[in-house]
Amino acid sequence: MDPQKEARTPRDPVARPPASRSQTPKEEERRESGEAPAAALGEEAEDSADGLWELPVEPAERRPECSRCSRPQKVCLCPFLPVRPLHISTYLYIIQHPAEESKVLRTVPLLAACLPQDKCKVKIGRRFSEERDPELSTVCRKSGTLILYPGAEAANLEEFILDSPIYPSTIIIIDGTWSQAKDIFYKNSLFRLPKQVQLKTSISSQYVIRAQPTNRCLSTLECAAVALSILEKNNYIQETLLRPLRALCSFQLQHGAQIRLSKEHLLKNGLYPKPMPKNKRKLRKMELLMNSVKI
């Protein structure tokens, strides 16, 4: 039932006392000629307006998308992609939170467009198990698989590959906001089977049209670019993967987007637009960001 109709008071006929005033000559003439009174005309107009709620709504047409970069054809970024997919030996698995799939400015389609299809696989979901995804379960149990997620137990990737007796063949990266990535990592036991690694880098994110928690946080594409360049021992990979990201940000900035500074930068410079949280745990996180302490 239409809620707007449900909320309206039904117009049930009720007995009303006769009007105390006499009818005007125009009203008398209208009554004798059989015309509807003005009040009835108003009700008819309202009834006709009510019918507008029942008219079918045509779905908005989506702009045609490029089959390779998944961008609208008018703003295709294929000129900034490599002519052929990069040759790599590492297998990359992207675990994507469902909310990321519908975002317009996501970076995973650009990443996938630069790599061979058999070397880059995107799995969408929040919960994974051996029953739901046997392939991913097998990958997580292999000794040559790494998962890129920062933390106290994570080894630095560059240092790990120097000492590891088995050279990594696969790396898993979680795609989502930091809270979404944390939820996926800690609530899926499969993702604690591979060796946990992190990136030791001082570079700042070039994904400037999307806010990051700290100056050191990188987008999924940037994490993959750095990790693959380390594992493949080829800096050209990083430069090639970052090229379409720079083009995307440049285009958006030219058409009204603004540079999004990190929450860390806003807090340190007194520019944070929201009041400080009252929750002690959240307040502690804010203080850690202001003091550049890794959380």
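1. This is a predicted model, and the points below should be read with that in mind. The secondary structure of the chain amounts to 11 helices and six strands.

2. Of the 295 residues in the chain, 36% count as buried, and the chain exposes about 19,100 Å², of which carbon and sulfur atoms supply 53%. When contacts between residues at least 6 apart in sequence are considered, 73% of them join residues at least 24 apart.

3. The six strands make up an open sheet with parallel pairing, in the order β2-β1-β5-β3-β6-β4. The edges are taken by β2 (120-124) and β4 (155-156), and each of these has a single partner strand, so that one side of each is left without a neighbour in the sheet.

4. Within this sheet, strand β3 (residues 145-148) runs parallel to strand β5 (residues 170-175), and four bridges join the two. Ile 147 has Ile 172 of β5 standing opposite.

5. Two helices deserve mention together with the sheet. Helix α5 (residues 134-141) lies across β1 (91-96), β2, β3 and β5, and runs at about 125° to β1. Helix α7 (residues 178-186) also packs on the sheet, where it touches β1, β3, β5 and β6 (195-198), and its direction makes about 130° with that of β5.

6. Leaving aside residues up to four places away in sequence, Leu 241 touches Leu 86, Leu 111, Cys 114, Leu 115, Leu 221, Ala 224, Ala 225 and Leu 228. Ser 229 lies 12 residues from Leu 241 in sequence, and the C-alpha atoms of Leu 241 and Ser 229 are 9.8 Å apart in space.

7. Which residues form a nonpolar patch on the surface? The patch consists of Leu 253, Ile 259 and Leu 261, which together have about 250 Å² of accessible area. Ile 259 is placed in the loop between α9 (235-254) and α10 (263-268). The relative accessibility of Ile 259 is 54%, and since the cut-off for exposed is over 50%, Ile 259 counts as exposed.

Note on methods. Residues numbered from 1 in each chain as written. Predicted model: local features only at pLDDT ≥ 70, side-chain atom pairs only at ≥ 80, totals over all residues. Heavy atoms only, no water. Patch = residues over 30% accessible without salt bridge, like charges linked within 9 Å, V, L, I, M, F, W, Y side chains within 5 Å. Areas by Shrake-Rupley, 256 points an atom, 1.4 Å probe, with all protein chains shown as cover. Salt bridge = Lys/Arg side-chain N within 4 Å of Asp/Glu carboxyl O. Buried < 20%, exposed > 50% of the residue type's maximum accessible area, 1.4 Å probe, protein only. Pairing = 2+ DSSP bridges. Contact = heavy atoms within 4.5 Å. Axes fitted to C-alpha atoms, helices over the stretch in contact; angles between N-to-C directions.
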